[in-house]
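Trainee: Before we go through this model together, could you set out what deserves a careful look?
Mentor: Let us bring up the sequence and the structure, and then take the questions in turn.

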Amino acid sequence: MPTLVLIRHGQSQWNLENRFTGWWDVNLSDKGVEEAMAAGTLMRDRGLDFDVCFTSLLTRAIKTLDLALEQMDRLWLPVHKDWHLNERHYGGLTGFNKQEMRDKVGEEQVRIWRRSFDIPPPPLDADSPYDLSGDRRYAGVTVPHSESLKDTIERVLPYWDAAIAPALRSGQRVLISAHGNSIRALVKHLSGIDDDDIVGVEIPTGQPLVYELDDALATRDSYYLSERAA
Ligand SMILES: O=C(O)[C@@H](CO)OP(=O)(O)O
């Protein structure tokens, strides 16, 4: 039976500071480091093991994966890092404090930007300090100016089909360390959640989410590991 575990990175410095983050590359907070290590310990203690890992090009997800793998004595596992698993791009909101933005434009507008399905945030200005189009890690990639959840799904799922699903079909056990919205994209697909409902699904930081799949990669069961009795 194919084994898949999804984990959202541990708390980041900008999660802690309540800032819109997206593709901006912030590190884990001290609490995030602890969450990542605890996730690895939990997976080890429950006897989970993996053959291949996937993560984004962002430090908070890569480090979460490494810290968890270290607890499992599995730092040697192959890891594929790919921008398709990045957080959704927060456009012109990147760097702003979420509460200050609510105070400025109102609760409802911020809710729409954060949790509507297909309305992207305003685009990033070309001269923004958060422009990543010249970042070497994105050579050959058209860095988006902003992404809705729908846009994020439209780049996560082709990567699932091309890289992750084939690994599962070949019998490999897969661990994915990613982000709130790239994981929403995967959860929507795997759990068959519709467009209106996926926006209400919150993914906690540092909690391994187990998917038990059948050979056709349909979901038989899914659960947070910490919520299942050992
Ligand atoms: O800032 C972000 O990039 C994301 C995840 O932390 O925030 P939100 O909860 O608004 O999707």
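Trainee: Which residues are around the ligand, and how many of the shell are charged?
Mentor: In this predicted model, the residues around the ligand are N15, F20, T21, G22, E87, Y90, R114, G180 and N181. This shell divides into two nonpolar and five polar residues, and the charged ones number two.

Trainee: Which residues does the UniProt annotation "active site" cover?
Mentor: The annotation comes from an unreviewed UniProt entry, and the residues it covers are H9 and E87.

Trainee: Where is E87 found, and is E87 buried or exposed?
Mentor: E87 has its place in the loop between β3 (79-81) and α4 (98-105), and beyond its neighbours within four places in sequence E87 is in contact with T21, G22, W23, L58, H179, G180, N181 and S182. Because 20 or more C-beta neighbours within 10 Å are required and E87 has 25 of them, E87 counts as buried.

Trainee: Where is H9 found, and which residues does H9 touch?
Mentor: H9 lies in the loop between β1 (3-8) and α1 (13-16), and with 31 C-beta neighbours inside 10 Å H9 counts as buried. Leaving out residues up to four places away in sequence, H9 touches L28, G32, R60, A61, T64, S177, H179 and T205.

Terms used. Residues are numbered from 1 along each chain as its sequence is written. This is a predicted model: local features need pLDDT of at least 70, side-chain atom pairs count only at pLDDT 80 or more; totals for chains, interfaces and linings use all residues. UniProt positions are given in the numbering used here, feature names are shortened, and annotations may be inferred rather than shown by experiment. Helices (H or I, at least four residues) and strands (E, at least two) are DSSP runs, numbered from the N terminus. A residue is buried if 20 or more other C-beta atoms lie within 10 Å of its own, exposed if 12 or fewer, and partly exposed in between; C-beta atoms are placed from the backbone. Two residues are in contact if their C-beta atoms, placed from the backbone, lie within 7 Å. A residue is near a molecule or strand if its C-beta atom, placed from the backbone, lies within 6 Å of it. Ala, Val, Leu, Ile, Met, Phe, Trp, Tyr, Cys and Pro count as nonpolar, Asp, Glu, Lys and Arg as charged, and the others, Gly among them, as polar.
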